[in-house]
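Hi everyone, thanks for coming. Please have a look at the picture on the screen, and then I'll walk you through it.

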Amino acid sequence: MLATADISWHYQLLYGASAPLASFTNSCTNLVCTFDGSASNSKGTVASYAWNFGDGTTGTGATPSHTYTANGSYTVTLTTTGTLGGTAAASTQVSVLAANKLPVAAFKPYCAALVCNFDGSLSTDPDGTLAAYAWDFGDSATSTSQNPAHTYSAPGTYTIILTVTDDRAGTNTKTASVVVPTTNSYPATVKADGAIPQWRFEQTSGTTIADSGEPPPALPAMSDWDSRGSCPGRSPLP
């Protein structure tokens, strides 16, 4: 009776292979990779396939797929076992990157007279960083700053468009209308019962007055103001 070593030698002599081969290809989309090691069995000598996906998980079979849980580079190793007991191994590195989550464009305007300041820092990116800001102020003017200021030539209502781009070229757009006043004005504070406890109005000269009541009283005539910016019955805000 022939020993195992003699059988292996005769197998090599007859078929030119006793030890298995190990080779594979891969294809990755986002976090999912598929592997094909079937070429390892071109001589019919592979009995099993053992995979190490480089993230602490393993698999079997000639053509497995694997979903990674995090972005990164991983060393994948295939070990084949031959029909006569020999083994072979092959390794390669794969890189995976999750699908991009789009950024969110957001902003707030602050207008005083014809000058508006825009705060684009409210924009966010859930899985990276913001790389660019593109503003359209609605009057043919533009900006690429995060927090730009813009002076309008006339009061009115303008459509503001902010487009943000993230570090993976994803984009998102926010559109809002902004009313540009002729004077500096501030919204009143409204109580739950609808009363307006205090309101503010600032003239272009910089004088600010305050009062209470509902509705707010009319702005006094300029002849009622004294040299200190005071008006009878009303106190300037600090």
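Let's start with a definition: two strands pair if DSSP finds at least two bridges between them. The strands themselves are DSSP runs (E, at least two residues), numbered from the N terminus. Before I use those words, a note on the source: this is a predicted model, where local features need pLDDT of at least 70, side-chain atom pairs count only at pLDDT 80 or more, and totals for chains, interfaces and linings use all residues. Residues are numbered from 1 along each chain as its sequence is written, and side-chain values use heavy atoms, with hydrogens and water left out.

Now, how many bridges join strand 8 and strand 9? There are five, and strand 9, residues 115–119, pairs with strand 8 in the antiparallel sense. Cysteine 111 has cysteine 116 in strand 9 as its bridge partner. Both strands belong to an open sheet of three strands, ordered 8-9-12, with antiparallel pairing. Strand 8 (108–112) and strand 12 (149–151) are the edge strands, each pairing on one side only. From one strand to the next, the twist averages 20° (axes are lines fitted to C-alpha atoms, and angles run from 0 to 180 degrees between N-to-C directions).

Let's move to another set of strands. Strand 3 pairs with strand 6 in the antiparallel sense, over six bridges.

Next, the inside. A nonpolar core is a set of buried Ala, Val, Leu, Ile, Met, Phe, Trp, Tyr and Cys residues joined through side-chain atoms within 4.5 Å. Buried means under 20% relative accessible area, exposed over 50%, and partly exposed in between, with a 1.4 Å probe and protein chains only. Which residues touch the most other members of the largest nonpolar core? Out of its 17 residues, they are Phe24, Phe35, Trp51, Tyr68, Val76 and Val94. Strand 2 (32–36), strand 3 (46–52), strand 6 (72–82) and strand 7 (87–96) each give two or more residues to this core. Strand 7 gives the most, with four residues. There is also a second, separate core of 15 residues, including Phe137 and Val178.

Now for the rings. Rings of Phe, Tyr and Trp (its six-membered ring) pair if their centres lie within 6.5 Å; planes under 30 degrees apart count as stacked, over 60 as edge-to-face and the rest as tilted. The structure holds eleven aromatic pairs. Tyrosine 68 and tyrosine 74 are stacked, 4.3 Å centre to centre with 25° between the planes. Tyrosine 68 counts as buried because its relative accessibility is 2%. Tryptophan 135 and phenylalanine 137 are stacked as well, at 6.3 Å centre to centre and 20° between the planes. Ring pairs also link Phe24, Phe35, Trp51 and Phe53 into a cluster.

Let's finish with phenylalanine 137. Where is phenylalanine 137 found? It sits in the loop between strand 10 (130–136) and strand 11 (142–143). At 1% relative accessibility, phenylalanine 137 counts as buried. Leaving aside neighbours within four places in sequence, its contacts (heavy atoms within 4.5 Å) include Phe118, His150 and Tyr158.
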